[in-house]
Amino acid sequence: MPSKGVLYIVSTPIGNLEDITFRAIRILKESPLIAAEDTRRTKKLLSHYKLETKTISYFEHNSFARIPKLINHLNSGEDLALVSDAGTPGISDPAYRLIRAAIDSNFLVQSIPGPSAFLTALVCSGLPTDRFIFEGFLPHKKGRKGKLEKIKDIDATVIYYESPNRIKKTLNDILKYVGDRPAVICRELSKKFEEIFRGKVSELLNNFNNGKAKGEFVIMIAKDDKNVYF
Ligand code: SAM
């Protein structure tokens with residue numbers, strides 16, 4: 001009976017390919033298979049580090065069908081590395097389901113730490129970091145207003161992920177349902193066109209008046225004006 005494989009949760013860069021640990025590269029090299037949310041993006045990373053490890057797709061719409069195959073792989077005694085399209089697997093992506101299935105089947109699960117967009121954004125925001133809450137993506141329709149109204153009374157910096165298509169709408173909704181709080185938007189962190197906007201929500205909206213927004217965004221909202229100097 002072969003010993004059981006290990007599921008490695010491997011954090012990868014959120015933009016700049018240098019933002020990866022030596023350990024993550026070693027695990028990606030030594031694992032016989034990498035389950036990747038976006039195999040094309042992962043292959044770019046692998047080729048940058050001259051790694052030839054085989055990849056298999058594992059994303060939102062094939063995750064349920066894929067899990068038995070990946071659990072079989074671990075059962076055969078082989079290790080499996082899990083990567084998301086960027087950052088830390090399990091943060092606003094489908095990695096959770098596979099991690100849960102591996103734990104339920106008594107496999108050893110190890111996390112290889114590395115970047116995540118929300119923490120990278122929070123520490124350069126200038127907003128209080130002593131208490132924060134990560135809310136991921138806001139729902140597009142149902143529950144959106146209620147979720148925003150709830151954060152009004154939260155005594156912490158609140159963090160959201162947002163896409164370029166919805167950034168303007170989300171800022172408008174924050175203004176409407178939460179208020180004109182100090183806030184920070186990080187765009188394209190660690191990439192060529194990285195930008196950080198700091199100001200009241202109403203001021204930040206001015207950055208999105210002309211044409212279609214581009215890139216990836218993290219939005220952070222302060223709990224109040226105290227200790228915030230913009
Ligand atoms: N697992 C990832 C992590 O650890 O951050 C997050 C995956 S989630 C599907 C993708 C979202 O993360 C984007 O829509 C954006 O809100 C945020 N994001 C990822 N990379 C980013 C970057 N370089 N700059 C700003 N936001 C980023």
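Predicted model: local features only at pLDDT ≥ 70, side-chain atom pairs only at ≥ 80, totals over all residues.

Reader: Thanks. How many helices and strands does the protein have?

Author: There are 8 helices and 10 strands, where helices (H or I, at least four residues) and strands (E, at least two) are DSSP runs numbered from the N terminus. Taken along the principal axes, the C-alpha atoms fill a box of roughly 60 × 35 × 35 Å.

Reader: And which domains is it divided into?

Author: The protein is divided into domain 1 (6–112) and domain 2 (117–221), with bounds that come from an automatic or database domain assignment. Their C-alpha centres lie 28 Å apart, and the contact between them, meaning heavy atoms within 4.5 Å, takes 6 residues from domain 1 and 10 residues from domain 2.

Reader: Okay, pockets next. What volume does the largest one have?

Author: The largest pocket has a volume of about 520 Å³. On a 1 Å grid over the protein atoms alone, a pocket is an open set of points with protein on both sides within 12 Å along at least five of seven lines, a cavity is a set where a 1.4 Å probe fits but cannot get out, and lining residues have an atom within 4 Å of a point. Grid points are joined across faces, edges and corners, and a volume is the space filled by probe spheres set on the points.

Reader: Which residues are closest to the centre of that pocket?

Author: Of the 26 residues that line the largest pocket, the closest to its centre are Asp85, Ala117, Phe137, Tyr161 and Glu216. The elements that give two or more residues to this lining are β7 (157–162) and β10 (217–221), and at least three lining residues come from each of domain 1 and domain 2.

Reader: What about the second largest pocket, which residues line it?

Author: The second largest pocket holds about 210 Å³ of space, and its lining includes Thr12, Arg41, Lys44 and Asp85.

Reader: Switching topic, how many cavities of 30 Å³ or more turn up?

Author: A search of the whole structure finds 1 cavity of 30 Å³ or more. The largest cavity has a volume of about 30 Å³, and among the residues that line it are Glu37, Tyr58 and Asp93.

Reader: Now helix α7: which of its residues are buried?

Author: In helix α7 (residues 167–177), the buried residues are Ile167, Thr170, Leu171, Asp173, Ile174 and Tyr177, where buried means under 20% relative accessible area, with a 1.4 Å probe and protein chains only. Seen down the axis of α7, these buried residues fall within an arc of 160°, so they line one face of the helix; the arc is that of the directions from the helix axis to the C-beta atoms.

Reader: What do those buried residues pack against?

Author: The buried residues of α7 pack against α6 (144–151), β7, β8 (182–187), α8 (201–205) and β10. One of the buried residues, Thr170, has a relative accessible area of 1% and touches Leu138, Arg144, Glu162 and Ile219, not counting residues up to four places away in sequence. Just after α7, Gly179 takes a positive phi of about 125°.

Terms used:
Residues numbered from 1 in each chain as written. Heavy atoms only, no water. Buried < 20%, exposed > 50% of the residue type's maximum accessible area, 1.4 Å probe, protein only.
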